[in-house]
Amino acid sequence: MSKIFTPTNQIRLTNVAVVRMKKGGKRFEIACYKNKVISWRNGIEKDIDEVLQTHSVFTNVSKGQVAKKEDLQTVFDTDNLTDICKRILEKGELQISDKERSAQLDASFKDIATIVADKCVNPETKRPYSVTMIEKAMKDVHYSVKPNRNSKQQALEVIRLIKTVLPLERAMMRLKVESSSKDAKKLKEKFIALASSVESENWDSGQITLILLIDPGNYRQIDELVRTDPKGTTQMEVLSLKEVVEGDTFLD
């Protein structure tokens, strides 16, 4: 019985999504599972083994041609295949059909609009906008989805852009900050400087209690101020992650 020999530098794969990168004058490709590339880039999928069909780097996936080890070392300055695959996965171009690309862009557009609608409100009424209204504003500013960036990053960009056509601001967080530190007065000024507004300020037996509304972007700075208190006499509590007017009414 005759045997069929397959060249050792060829790997045959089926039903793949190919991510391609041109670097150092050469083309490199990796073979991924369909629908997993976008999930990885959006931070949804964390397991690289669920994304890659094989931890191999190709010059041509469809022909099963594997890249030479010396080329990988020269171009990527490493021969660790998993690390190279991750770099190609992050910055490479996803090779898909026009129909698939259109469907993915439409889904990403909707996802971005949903994130913006969840994070923002009308600054006058403090009520949220519907996803449909955010999508319309994105179209009005001619926003184009960037396939290589995740939806959360793009949502922050969209918030800045659509402010030109739609009254919009980030929904505020409500915090309670308490401090009995000897530096409480100095801390108070720093907290207030980072707040959008102060709902209440109360002193009792040398302890200050502040109720603040803050832009979520300032949360980390306030958290760092609390953590820098060496004696632990300053505490913070998140009272609400998103301060909006109660009710189901959306602004259309």
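Residues are numbered from 1 along each chain as its sequence is written, and side-chain values use heavy atoms, without hydrogens and water. Because the model is predicted, local features need pLDDT of at least 70 and side-chain atom pairs count only at pLDDT 80 or more, while totals for chains, interfaces and linings use all residues.

Q: How are α7 and α8 oriented to each other, roughly parallel or roughly antiparallel?
A: Helix α7 (residues 184-194) and helix α8 (residues 219-227) have axes 10 Å apart and pack at an angle of about 170°; helices here are DSSP runs (H or I, at least four residues), numbered from the N terminus. Axes are lines fitted to C-alpha atoms over the stretch in contact, with angles from 0 to 180 degrees between N-to-C directions. Since angles under 35 degrees count as roughly parallel, over 145 as roughly antiparallel, 65 to 115 as roughly perpendicular and the rest as oblique, α7 and α8 are therefore roughly antiparallel.

Q: Which residues of α8 make the contact with α7?
A: Contact means heavy atoms within 4.5 Å. From α7 come Lys-190, Phe-191 and Leu-194, and they meet, on α8, Gln-221, Ile-222, Leu-225 and Val-226.

Q: How are α4 and α6 oriented to each other, roughly parallel or roughly perpendicular?
A: The axes of helix α4 (residues 98-119) and helix α6 (residues 151-162) come within 9 Å and cross at roughly 65°. On that basis α4 and α6 are therefore roughly perpendicular.

Q: What is the volume of the largest pocket?
A: A pocket is an open set of points on a 1 Å grid over the protein atoms alone, with protein on both sides within 12 Å along at least five of seven lines, and lining residues have an atom within 4 Å of a point. The largest pocket is lined by 13 residues, with Ser-181, Asp-183, Leu-187, Asp-229 and Pro-230 nearest its centre, and α7 gives the largest share of the lining, three residues. Its volume, the space filled by probe spheres set on the points, is about 240 Å³.

Q: What is the volume of the largest cavity?
A: A cavity is a set of grid points where a 1.4 Å probe fits but cannot get out, and the search of the whole structure finds one of 30 Å³ or more. The lining of the largest cavity includes Ile-38, Arg-41, Ser-108 and Gln-154, and its volume is about 40 Å³.

Technical notes
Helix = DSSP H or I, 4+ residues; strand = E, 2+ residues; numbered from the N terminus.
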